[in-house]
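Subject: Structure handover

Hello,

Here is the structure you asked to look through. Please open it first, then read my notes below.

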Amino acid sequence: MSGDDPRDHARKTAEGLSYLTGFGNEHSSEAVPGALPHGRNSPQRAPLGLYAEQLSGTAFTEPRAHNRRSWLYRIRPSAAHPAFTRVDNGAIRTAPFTEAVPDPNRLRWNPLPEPAPGTDWLAGLWTLGGNGDATQRTGMAVHLYHANSSMTDRVFSDADGELLIVPEHGGLLLRTEFGLLHAEPGHVALIPRGVRFRVELLDESARGYVCENYGAVFQLPDLGPIGANGLANARDFKAPVAAYEDDADAAAGPVEVVNKFCGNLWSATYDHSPLDVVAWHGNHVPYVYDLRRFNVIGTISYDHPDPSIFTVLTSPSDTPGLAGVDFVVFAPRWLVGEDTFRPPYFHRNVMSEYMGLIEGAYDAKAAGKGGFVPGGGSLHNMMSAHGPDHETFERASAAELKPQRIDDSLAFMFETRWPVTATEQAARATHLQRGYDDVWQGLERHFRP
Ligand SMILES: O=C(O)Cc1cc(O)ccc1O
Ligand SMILES: [Fe+2]
């Protein structure tokens, strides 16, 4: 690749980034010294001729421990824009999901097919399904993306929810109002509700998953008896430092801003970039997190613990302990359980489980054979019976129980309190696997009374 290749340039930019660290911190950053006001948020005249603006991710009055807001100091206030008009929603769908009937069957998909040339991240976004109601700020959606082009003259913002982006293939450079983030497969990026961003590709193509969380903002789970440390450590979440685009730059031109609002895409053409924030402070900020930093906790005696101990982030609902959606990671770890069936057990769950695979093979499913493959996904809805496939059951029941390392495997789950209804495009997709039920065929009767 030549030094002039835009992806080469984006990769150099991504690899040279610096960050602020800590989830939920009161961060602050200024791209130009003196841009942040001191001692107050909204002085009569903000420094350097900037406009002061608050971005609220929670209601003003929510408890301090949950309150999220940031103050942005920008070249133009966000209010300076022309009217938005409706544009095509592409393959993006939003709750309530009513196109298809909720399906009790276990479903599994292959990766998304190749996109047409010139498909950027937003155009490549494809909704699998979800639950709740975006206008009520409840529930979630599962999307996948497959893109082969960078977003150049457009940015996106989602008023309907925050976006947890889970790359599976291809690195991403996310240019946000707060600054730049670099996310590779194995990392996740969290874009708060309403934050404008553009996605640039660092490789030929990019593929991954997105959890759109309509509900309460993602937070770190409580640790209970685990103690003061463990699971995803707050200090491993990285927030950007301020960086801005200025329409005084010779290269600047009109920018299309696409806004997802109550399920529809709306577009307006700005004469300036809305990524024009010169300084900011607050706790409603984007993050990247490396899933390999997850402190995996498991049994050192017997039995397979419930996967709630693998929770990275949780969006609580109004019922304590019952998440609107949990983001759970199955990261590399040791298995040492004695007299224990070590892979995930057979079960039926009141919660609904969408699983994706970032790398390798998952320990409840036999590797290869076009089964549960990276970029694919499975949906085990409320009370659907699932667990190890036949091959895994036979192998794990007979395995010698010496310490075993699960390496090079990275799976995740979006686990939600409400059943997930597939979109019509997901229910009819050619990449929906027919005959998924067969993986549980041949589990014979061994009962000998
Ligand atoms: O594979 C699954 O179904 C996810 C899962 C993993 C696990 O370790 C225990 C329960 C569970 O639902
Ligand atoms: Fe499960």
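Leaving out residues up to four places away in sequence, which residues does Thr119 touch? They are Gly124, Ala147, Asn148 and Ser149. Keep in mind that this is a predicted model.

**Around Thr119**

Find Thr119 in the loop between strand E6 (107-109) and E7. Is Thr119 buried, exposed or partly exposed? Thr119 is partly exposed, because 19 other C-beta atoms lie within 10 Å, while a buried residue needs 20 or more. Now jump to His304, which is 185 residues away along the chain. The C-alpha atoms of Thr119 and His304 are separated by 42 Å.

**The whole protein**

Step back and look at the fold. The secondary structure comes to three helices and 28 strands. The radius of gyration is 23 Å, close to the 22 Å that the globule rule gives for 449 residues, so the protein is as compact as a globular protein of that length. Along the principal axes, the C-alpha atoms fill a box of roughly 85 × 45 × 45 Å.

How much of the protein counts as buried? The figure is 43% of the 449 residues. Then take the contacts between residues at least 6 apart in sequence. Of these, 79% join residues at least 24 apart.

**Two domains**

The chain is divided into domain 1 (6-103 + 114-290) and domain 2 (292-437). Their C-alpha centres lie 28 Å apart. Where they meet, 41 residues of domain 1 are in contact with 37 residues of domain 2.

Which strands supply at least two residues each to the side of domain 1 that touches domain 2? They are E7 (125-133), E8 (138-147), E10 (162-169) and E15 (206-213). E7 gives the most, with six residues. By class, this side of domain 1 has 20 nonpolar, 14 polar and seven charged residues.

**Tyr145**

Tyr145 lies in strand E8. Tyr145 is buried, because 27 other C-beta atoms lie within 10 Å and the cut-off is 20 or more. Set aside its neighbours within four places in sequence. Tyr145 is then in contact with Trp121, Gly124, Leu125, Trp126, Arg207, Gly208 and Val210. Gly124 is also touched by Thr119.

In soluble globular proteins, nonpolar side chains tend to be buried together. Here the largest nonpolar core has 101 residues. This core draws at least three residues from each of domain 1 and domain 2. Which residues have the most contacts inside the core? They are Tyr73, Leu164 and Phe412.

Take Phe412 as an example. Not counting residues up to four places away in sequence, Phe412 touches Val166, Phe327, Val328, Val329, Phe330, Met355, Gly356 and Ile358.

**Ligand 1**

Which residues are around ligand 1? They are His304, Pro307, Pro344, His347, Asn349, Glu353, Ala364, His380, His386 and Met413. This shell divides into four nonpolar, five polar and one charged residue.

**Backbone details**

- The peptide bond from Ala95 to Pro96 is cis, with omega near 5°. Pro96 lies in the loop between strand E5 (85-87) and E6.
- Asp339 has a positive phi of about 40°, although it is not a glycine. Look for Asp339 in the loop between strand E23 (333-335) and strand E24 (352-359). Asp339 is exposed, because 8 other C-beta atoms lie within 10 Å and the limit for exposed is 12 or fewer.
- Asp408 has a positive phi of about 50° and is not a glycine either. Asp408 sits in the loop between strand E26 (404-406) and strand E27 (410-416). With 9 other C-beta atoms within 10 Å, Asp408 is exposed.

That is the tour. Go through the sections in order with the model open.

Best wishes

Key:
Residues are numbered from 1 along each chain as its sequence is written. Chains are lettered from A and ligands numbered from 1 in the order in which they are written. This is a predicted model: local features need pLDDT of at least 70, side-chain atom pairs count only at pLDDT 80 or more; totals for chains, interfaces and linings use all residues. Domain bounds come from an automatic or database domain assignment. Two residues are in contact if their C-beta atoms, placed from the backbone, lie within 7 Å. Helices (H or I, at least four residues) and strands (E, at least two) are DSSP runs, numbered from the N terminus. Ala, Val, Leu, Ile, Met, Phe, Trp, Tyr, Cys and Pro count as nonpolar, Asp, Glu, Lys and Arg as charged, and the others, Gly among them, as polar. A residue is near a molecule or strand if its C-beta atom, placed from the backbone, lies within 6 Å of it. A nonpolar core is a set of buried Ala, Val, Leu, Ile, Met, Phe, Trp, Tyr and Cys residues joined through C-beta atoms within 7 Å. The radius of gyration is taken over C-alpha atoms; the globule rule is 2.2 Å times the number of residues to the power 0.38.
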